[in-house]
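Here is a colleague's note to read beside the structure. Please go through the points in order.

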Amino acid sequence: MTLADGELWNVLLRLSLTMSESATARSFLIGLLAVFISPSLATWVTQQPPQRRRIAFLAAVAPFFAPELIAGYCYSSGVFSLVHLPTANAALYFLLLLLKTVPVGMLVVLYSPGSPISGSAFHCHRLLKHRVRSWEAVGFWVRGPLHQRLPVFAVSFLVVFQEFEIASLMSIPSWTVEIFDAQAKGIRPLATAKILLIPLLTIAVVVLPTVAILARGNQPTVFRSDAHSQRSRWFGGAFVFVANLILWVIPVWTIGASGLRHATSLTRNAAILKGFTREVSSAIAFAFCAALVAVFAAYFLLNRWRPDIARRRKTLIIAPLLPGLAGSLAVSLAVFLVIQQPSLIWLRSTPIPAVFGMAVFLLPRAVLMLLLFRSARPGTAVGAANLLSQSGDASQCSRGFRLLWQLEGRAVFWAFAAVFFWGYFNLTTASLLVPLAIVPLPAQLYNLMHYGRTMSLSTQALLSVVVPVSLILAAALSMPQVERMASGRHKSPRSKRPE
Amino acid sequence: MSQQTSSTQNSPLWTLRDVCSCGQNAPRLDRVSVTIPAGRVALLGVSGAGKSSLLRILAGFETADSGDVTQHELSLPSPLPVFWSPQDYGLWPHLTVQEHLEHVRPAEPRTGILVEQWLQQFRLEALADSQPGTLSEGEQSRLSVVRALASEADVLLLDEPLAHVDPVHREDDWRTVMNHVARFCQGVIFSTHEPAIVRRFADYVVCLDRGRIQFAGSTSQLLFSPPDETAAWLLGPCNWLSEKIRHWFSDAKPSWPCLRPEETFVTPDSAGKSRVISIDGQGTQTRFELRHCELDSTIVVFATHNPEVRVDSRVRINVIPSPDREQVDRSS
């Protein structure tokens, strides 16, 4: 290491410490807020009439899917930009992250394992409050409400702590931005690893106790709301409205308004159109492959999970999810460091590191999505459909396969669609791991967004959202045909036997 | 029982050898080796004994962690060999009640029973357009069972069927299930906690205790010649006769280890050896607490109710062996 390198490393290390502290404080605060707001959101969703519940659920989780690049672009330039007012800018960034994070907290509230002490058991204990010592009450609180809220805090903390794109575009100090910029300036791999150490330790401090609690595996996926009040429901509804307004409506509206005006001129410029098509195609290809790997791995892991399996097996199932929880930047940097080894340097010119890194990052999200989409039906319903699909009666067999598709295939499809969408907008993997000859769309948009708002960029940003959404919608609309084909093609194996 | 069932009764449906299924703290199934015959088979055991785990493995929903599970060819080949009614009903949340039955019904049903008739038999016709999420536990329980029947599978696996059905209708519903099994199935394997159901509807019983086979044999065998007191109690109250207790009996001392209440009679007798301390219950399972007049010790006897017996009266205990017991004795 040269002297210049050593000084740079020291400066960066100090900077990283300061930045990770502020990111830690921000993440801690948003994590705490999510703990209190998420149950209201969950109550708002679960208290909807059955016919409106699905739409309410989609509306509640939509802010989590809002692309960071688009939100960052919207609020870093143009009329909503507060970059010249640092405090207000930091407050706006805090609000954006809060609105984006609480829906994840809601998913955790709805689908994480129950606490060892159920709501009713906790209430029974409270009825005996005159006979209970205070330290016993604390023990009950730790194994009851806190047990349930810790995963909400941990997941919210992680989402905020590893955020990069919005912070970078809005010029918010953050360890992710500093490390990414240092990497771009060509810092040595070892120095990168050292700088990453503190943030990764912070993540480990939050993640490991939560994983230990989740691995205990109490009765899964039962929502026990202790906040059924009218005020709580009202607050949940208002939160959903504001979050969607700020993270979806305003960005799409403002970018779309100028982007649409320029769309025709973009189509006339063959060079820009060709470049844009190439960038979109590469982003789609990488996201598709990574999502495929992540969903397949998530499906494999979830099918091996049972609440009553031994703790060692649970640990083996949970372990592959942990690297992804450290965030896309940390995963990408780790893979980047590995492929710098002389024996692996040849991988640098292949898509393998990018697909692998993105899949590792997407794996915990794929698990979450599969849990989410499969939670509507018991596993035994799939078992019953599976038995029916083995029938020698052609119509029973065909209906069995159709049921399997409806119960399992659709869940996998929507989990894949969600994971694909995240992968498509994943910036750090696209920037760090993709072969140098390829520039996927997020990397290109990110580079251009630093130069302020232009009509052409707005059009590209708008199209960057429209393209994957259209692809997913087209695939969703063609599902009934696929379903018919699948059930029609699966003639019973028994019916083919000679009499 | 119908010709179809009785003709296939001795042929085995499954053979399990050293089957293990791991659990969190203890194995759910621990080296289970058993042959499950055709016919009406009950799985008995306390909660957590491994009944549902065994049914899940037979249904192919779970695989054993070790050991062999062999499903034998059915003597009469069938398009749908097995269907399952799981403990949590396994209903398809996006289908209505009627659609559940339409989905499982074969193209040419050999029972000739229409979907509407199935709904009527299980009192679900008013709920035909409802989805499972809106049904009560009892209704879901009935739908899960009627779906299994309408599938016309040759072997039905029923995990605590009709557990939440009200007592007024449960008897009728069970009879409907068993009539269907007798006419159209080669076997039914059901788990239950209700001794009366097993005694009435099962020909063969497999008892599980902490994941191990405790007993496998005919229902009469478990009723009259159980391996131990715990197994005996799975079929309802019994008088487990230790050496100490035998001399309480007035007549010839019974040689069997287990007497059922319907074979045991407490009758007033001024010269009797014991005095009644308390009487609880009615019918064939009345609980008498007796004190021995000479030994100053007390025992509890389950016997057929006798209105002539009053508290504090002197009594004697008589035994009239069930005719079925002789058959069991002969066969063993």
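1. How many of the 5 residues of strand β7 (residues 187–191) of chain B are buried? The count is 5 of the 5, so β7(B) is largely enclosed by the rest of the structure. Bear in mind throughout that this is a predicted model.

2. Gly187(B), Ile189(B) and Ser191(B) point one way. Val188(B) and Phe190(B) point the other way. All of them are buried. In a regular strand the side chains alternate between the two faces of the sheet.

3. The partners of β7(B) come next. Strand β3 (residues 39–44) of chain B pairs with β7(B) in the parallel sense, over 5 bridges. Here Gly39(B) stands opposite Gly187(B). Strand β6 (residues 155–159) of chain B also pairs with β7(B), in the parallel sense and over 5 bridges. Leu156(B) stands opposite Val188(B) in that strand.

4. Two backbone angles in chain B deserve a check. Glu160(B) has a positive phi of about 45° and is not a glycine. Glu160(B) lies in the loop between β6 and α6 of chain B. With 20 other C-beta atoms within 10 Å, Glu160(B) is buried; the cut-off for that class is 20 or more. Asp312(B), also a residue other than glycine, has a positive phi near 80°. Its loop runs between β15 (298–303) and β16 (314–319) of chain B. Asp312(B) has 9 other C-beta atoms within 10 Å and therefore counts as exposed.

5. Now chain A. There are 21 helices and 0 strands in it. Of its 499 residues, 45% count as buried. Among contacts in chain A with a separation of 6 or more, 84% are between residues 24 or more positions apart.

6. Helix α17 (residues 394–424) of chain A bends by about 35° at Trp405(A). Is this helix enclosed or open? Of the 31 residues of α17(A), 22 are buried, so the helix is largely enclosed by the rest of the structure.

7. Val295(A) gives a local view of the packing. Val295(A) sits in helix α11 (residues 270–303) of chain A. It counts as buried because it has 26 C-beta neighbours inside 10 Å. Beyond four places in sequence, Val295(A) is in contact with Ala366(A), Val412(A), Ala415(A), Phe416(A) and Val419(A).

8. On the interface: the contact takes 25 residues from chain A and 24 residues from chain B. On the side of chain B that touches chain A, the elements giving two or more residues are β5 (82–85) and α3 (97–104) of chain B. The largest share, 3 residues, comes from β5(B). This side divides into 15 nonpolar, 7 polar and 2 charged residues.

9. Finally, confidence. Chain A has a mean pLDDT of 81, and 86% of its residues reach 70 or more. The pLDDT is below 50 over residues 219–227 of chain A; this stretch has 24 contacts in the model beyond near neighbours in sequence. Residues 490–499 of chain A also stay under 50, and there the model has 15 contacts beyond four places in sequence.

Definitions and conventions: Residues are numbered from 1 along each chain as its sequence is written. Chains are lettered from A and ligands numbered from 1 in the order in which they are written. The bend at a residue is the angle between axes fitted to the seven residues ending there and the seven starting there. Helices (H or I, at least four residues) and strands (E, at least two) are DSSP runs, numbered from the N terminus. A residue is buried if 20 or more other C-beta atoms lie within 10 Å of its own, exposed if 12 or fewer, and partly exposed in between; C-beta atoms are placed from the backbone. Two residues are in contact if their C-beta atoms, placed from the backbone, lie within 7 Å. Ala, Val, Leu, Ile, Met, Phe, Trp, Tyr, Cys and Pro count as nonpolar, Asp, Glu, Lys and Arg as charged, and the others, Gly among them, as polar. pLDDT is the predictor's confidence in each residue, from 0 to 100. Two strands pair if DSSP finds at least two bridges between them.
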